[in-house]
Amino acid sequence: MKNLEISAIFNKMADLLEIKGDNPFRIRAYRKAAFNIESLGRDVSLLSKEELTDIPGIGEDLAGKIEEYLATGGIGGYDRLKEQVPEGLVTLLGVPGLGPKTVAHLYDRYRVTDIDELERLAREHRLVELPGIGEKTEADILKGIGMIRRASARYPLGQALPLAREITAYLAGQSPVGLLDIAGSLRRWKDTIGDIDIIATSADPGSVMTAFAHMPGVREVLIKGPTKSSVVLKEGIQVDIRVVDEESYGAALAYFTGSKAHNIRLREMAVKAGMKLNEYGIFRERDDRRLGGKTEEEIYEVLGLQYVPPELREDAGEVEAAAGNSLPLLLEAADIRGDLHVHSDWSDGNMNLEELAMSMREMGYRYMAVTDHSKGLGVARGLNEERILAQRAAIDSLNRKLKGARLLAGVEINIRSDGSLDFDEEVLKTFDIVVASVHSGFKQSKAQITGRIVKAMKNPYVSVIGHPSGRLLGEREAYEVDMEEVLAAAAETGTAIEINAYPLRLDLAEPYIRTAREKGVTLAVGTDSHNRGQFANMRYGVAIARRGWLRKTDVLNTLGLKELLSRLGSKRRKRI
Ligand code: DGT
Ligand code: CA
Ligand code: CA
Ligand code: ZN
């Protein structure tokens, strides 16, 4: 649907006109049009020109721009405006306390086009030299910059989720909460999080607000209202909480879980069916009769939809699937039978093999693959052929003592910069499982790095490609790799692709997981654990798999031990 795209452009045009000091009525017209298009509840691309001009605030001129966008994917007037206003000024307009006139002055006087520059000037007290700016405004602008920085920062899921859980546990212990859930992108298990959203019910909302504002770890209270508060934690993460009525709980949870795009689709469906959906419930339009809203399930049911798990709520086809009763039956944490990527103290892990076996039992697994690094990775004390043999003997003897579970003899073999591997086939064929990963040469060209991984996959003994894009959230971008090509080669060679569950990796990223599934590629979820606390990260891998629409059958480590070994063997046999 193009409504959101068009309303965003109209808002940007209003910003640009404001900086230019254009006619206030014209600016207001763009804002009003943007608002009305966003909340329209009907797809603008299906409307005739006449129906377009029936939308409040939309006349011939704006209707023409909408049609232009629908026909060409752009708006000439917008492009011309962008040329007239220096880049960066629009971002400055987003700083609370900074109006368009001041932005224009800042530019005329100091050529300021970005926030860093603005911050420097404010700290040097040079903003007060501008017309209309006093000490107070300057201080407000500095505050506003802090807010913007927080709003644009995103935090890894693995950092935000433990904090959110601490907060909910604290609130449950310290205040009279009834129902209590984490909502927002965190409930959808998005790989990075803008802020933490919490929803609750309570007989005494005021004391929940007080407990919330005084929790340990709060650096700043932004808002403290009767049912709604926001704080900033010392980590810099913002947390929002809302206390709602019990009869509205499901509606509020759905609303604040989002995504925004998913919500908009649901609201459109409601409107089409003569209903109204908001954070208070779902109602019959005609007489406002409440049709549901106590639970999320009620809302989906009233809309005639299957219940959509939070991980799928991205307007990525899930609404259509739910309407057609064809949502996938998603992978569950309980489907996982073992971990396929684990390090021991033979390389850079801190657990010995006995401890791995113990953790395997604790996790309720049938198997766990010991995949220490190979010799090329000196920094991780990678193993050479001789050490592999010694480790193998230790694994075999331990397995003889284990009942009902087995440590698999594996390796995380280095894919060298030319695509060759650290061990030759004579050695490789002695492993139960071989995970092949890139640990160097991240700066290679796309063609090189793709070719390198594809070459590794052509090796009949390579079972899985580990952390396939190399990304480290908030630290390192993925290397340039043609993932489509890697996935095509994975399908062709029968190589599995890893979903690395280490929270800073979450690699493969979910859009590619979906592509992988469509191509018939098998995914292998592994935690890459180096210490005992990391096995539980499997839950992150499962969530990311779910966000990629994976079913149990798409995932290698849902197989029982015998089936797994036979599947791992099938690629080898195919070659012979
Ligand atoms: P984040 O925090 O950037 O990782 O992403 P979210 O999805 O948690 O977004 P957030 O915290 O701004 O808002 C939480 C949810 O509230 C969001 O997923 C949907 C809902 N919501 C917020 N603002 C709007 C809005 O303007 N329109 C609609 N329909 N829903 C909204
Ligand atoms: Ca959020
Ligand atoms: Ca929020
Ligand atoms: Zn690795």
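A polar contact here is a pair of N or O atoms within 3.5 Å. Keep that cut-off in mind for the ligand. One caution before we start: this is a predicted model.

Arg154 has an N or O atom in its side chain 2.8 Å from an oxygen atom of ligand 1. Ser185 puts a polar side-chain atom 2.5 Å from an oxygen atom of the ligand. Asp197 does likewise, at 3.0 Å. The protein covers 72% of the 600 Å² of accessible area that ligand 1 has on its own.

Who else is there? The shell around ligand 1 has 16 residues, and the ones that come nearest are Arg154, Ser185, Arg188, Gly194 and Asp195. Three helices each supply at least two residues of that shell: H11 (184–187), H13 (249–257) and H14 (260–272). And the space that ligand 1 takes up is the largest pocket.

Now the metals. Start with the calcium ion, ligand 3.

Which residue coordinates both calcium ions, ligand 3 and ligand 2? Asp195 does, and the two ions are 3.8 Å apart. Remember that Asp195 is also among the residues that come nearest to ligand 1. Is Asp197 buried or exposed? Its relative accessibility is 12%, and buried means under 20%, so Asp197 counts as buried.

Next, the zinc ion, ligand 4. Its protein donors are Glu412 (OE), His439 (NE2) and His467 (NE2), at 2.0 to 2.3 Å. Along the chain they follow the spacing E-x26-H-x27-H. Glu412 and His439 link distant parts of the chain, 27 residues apart. Glu412 sits in strand S13 (residues 406–414). His439 is in the loop between strand S14 (433–437) and helix H20 (446–458). Both Glu412 and His439 are buried.

Step back to the whole protein. It has 576 residues, and 53% of them count as buried. The secondary structure comes to 24 helices and 17 strands. The C-alpha atoms fill a box of roughly 80 × 55 × 55 Å along the principal axes.

Leu266 lies in helix H14, one of the helices that supply the ligand 1 shell. Leu266 is buried, because its relative accessible area is 3%. Its C-alpha atom is 53 Å from that of Arg381, 115 residues apart along the chain.

Last, some backbone details to check on screen. Arg381 has phi near 50 degrees, a positive value in a residue other than glycine. Arg381 is in the loop between strand S12 (367–373) and helix H18 (385–401). Asp288 also has positive phi, near 65 degrees. Asp288 lies in the loop between strands S9 (281–284) and S10 (290–292), and it is partly exposed at 44% relative accessible area.

Then the cis peptide bonds. One runs from Gly258 to Ser259, with omega near -10 degrees. Ser259 is in the loop between H13 and H14. Another runs from Asp507 to Leu508, with omega near 25 degrees. Leu508 is in the loop between strand S16 (496–500) and helix H22 (510–518).

How values were computed. Residues numbered from 1 in each chain as written. Chains lettered and ligands numbered in written order. Predicted model: local features only at pLDDT ≥ 70, side-chain atom pairs only at ≥ 80, totals over all residues. Heavy atoms only, no water. Donors = N, O, S within 2.8 Å, 3.2 Å for Na, K, Ca; no water. Buried < 20%, exposed > 50% of the residue type's maximum accessible area, 1.4 Å probe, protein only. Near = heavy atom within 4 Å. Polar contact = N/O pair within 3.5 Å; in protein donor to acceptor, adjacent residues only side chain to side chain. Areas by Shrake-Rupley, 256 points an atom, 1.4 Å probe, with all protein chains shown as cover. 1 Å grid on protein atoms, 1.4 Å probe; cavity = no way out; pocket = protein on both sides within 12 Å on 5 of 7 lines; lining within 4 Å. Sits in = over half its atoms within 2 Å of the grid points. Helix = DSSP H or I, 4+ residues; strand = E, 2+ residues; numbered from the N terminus.
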